[in-house]
Amino acid sequence: MGKERILEQLFTNRAIFEIFFVFFPIFKVLKIFRFSDDFINLMVLPLVALFFGTGNRTPFVSSAVVARVFLDPDLRLFDYDPDCMISEQPQMFVFPKLGEIYQVIPKAIQGKVFLNRPAQKVERKGKKIKVTDDQGKSEVFDYLIFACDPETILKITKGLTWLERKLLGNVKYFDDVTVAHTDEDYMKKYYDIDMKNRDLHFVKTDEKDPKKIDISFNLTFYQPQLKDKKPYVFQTIFLNKEDQDKWTKNEIKKGKIQLEKWWRQMSHAWTHFAKWIPCQRFIQGTKSTFYARSYTWVNTHEIATISGLAAAARIEAPYPFGYDKLAKKQFNGYSFVVHGKILTKGTASMLLTLCNVLFVIVGLYIGFKVLHALLK
Ligand SMILES: Cc1cc2nc3c(=O)[nH]c(=O)nc-3n(C[C@H](O)[C@H](O)[C@H](O)COP(=O)(O)OP(=O)(O)OC[C@H]3O[C@@H](n4cnc5c(N)ncnc54)[C@H](O)[C@@H]3O)c2cc1C
């Protein structure tokens, strides 16, 4: 059996092995299975950087997460192609007028929705929670669901417990910048770009250090409503501010830059899966406070949405998509790991929950032991 097949078998038997591989960075697994440096640096790492926007932390992304992107029938982004690795052109579409969501949702729910009032101070006293905005105006709530980043939570919340402070501090971030531009010369200089083939994604690997990667997109081909409009609009992402001396950002012609946007990107390193994801269940609910947002698992729109529904379910809002088998399965999977309980009715038995807890503890123990032995 070839090593690709062995690896696929290991990952496909997820129930047994995933809990083990989740602690192994992708580059370590590929090295252990003796994949070539070219395959690792020129194929796998650029692809993972593209999926997760992980910059120079890419080699440390958990191998189990990478496997899910290829092998999980429910989460798979692309089919594995034995010749090209990935050969599909995804069908992309954009929701028209998505911004209207901020007017439509408040109208549809009973309750007050406040916009443009960033929270500056959170105080949890007794059973009440006081949130003060940037104008010094306060509101009092029974429950609090944080849907911002942990760095902000740590900054604005008074009286966090030791465990809350410790666990939220385990979510790590990096600074990246995205440049939207129309500089076709820049693209031709750094990428093997073929307009006729309608290539969407481009990855540039640093020749001196192949683990350092820039990524670009042809946004025109991404968006059906821009189909064949010229000039082509590109997006180039430069990852990790600490590496900016190696960036080629200054070579993009100033007059051709449409937007430059900095963003903080969470790390998907194995530590995120060891020190944050399985542990956060112990702070979800402390002082009537819950945590939502994609950093509670992996950085995708789906997880961001599921995380909000799960936090709402913790304060008695019924899960609205129980009729959809896949949605319910993903929601229950997320809820169990992140909140330590299954939040839809009629699925959880005490025995199942107990077995799962034991499974997680044993998996964590074995994973740590093996990892420490390997990293010694
Ligand atoms: C360039 C790029 C490309 C991406 N591509 C994809 C993709 O193709 N597919 C995919 O699934 N995901 C993609 N993602 C990831 C996806 O965008 C995120 O996972 C998702 O937006 C996270 O949503 P969220 O609600 O968890 O966090 P955010 O959207 O970051 O929302 C957090 C909110 O908290 C607010 N906030 C912060 N501080 C405060 C405060 N003090 N008071 C009140 N509010 C506050 C912020 O203003 C922000 O609106 C991409 C991300 C980037 C940057």
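**Figure 1. Strand E5 beside strand E8.** In this predicted model, strands E5 (residues 173-181) and E8 run antiparallel and are joined by five bridges. To find your way along the pair, look for Ala180, which stands opposite Gln235 in E8.

**Figure 2. Strand E7 beside strand E8.** Here E8 meets another partner: strand E7 (residues 213-218) runs antiparallel to E8, and five bridges join them. A handy landmark is Asp214, whose bridge partner in E8 is Phe238.

Figure 3. A residue counts as buried when 20 or more other C-beta atoms lie within 10 Å of its own.

**Figure 4. The shell around the ligand.** Which residues come nearest to the ligand? They are Cys148, Arg293, Ser294, Thr300 and Ala304, out of the 15 residues around the ligand. Helix H7 (150-156) and helix H12 (301-314) are the elements that each give two or more residues to this shell. Sorted by class, the shell has seven nonpolar residues, seven polar residues and one charged residue.

**Figure 5. Stepping back to the whole protein.** Of its 376 residues, 25% are buried. Among contacts with a separation of 6 or more, 63% are between residues 24 or more positions apart.

Methods. Residues numbered from 1 in each chain as written. Predicted model: local features only at pLDDT ≥ 70, side-chain atom pairs only at ≥ 80, totals over all residues. Pairing = 2+ DSSP bridges. Helix = DSSP H or I, 4+ residues; strand = E, 2+ residues; numbered from the N terminus. Near = placed C-beta within 6 Å. Nonpolar A, V, L, I, M, F, W, Y, C, P; charged D, E, K, R; others polar. Buried ≥ 20, exposed ≤ 12 C-beta atoms within 10 Å, placed from the backbone. Contact = placed C-beta atoms within 7 Å.
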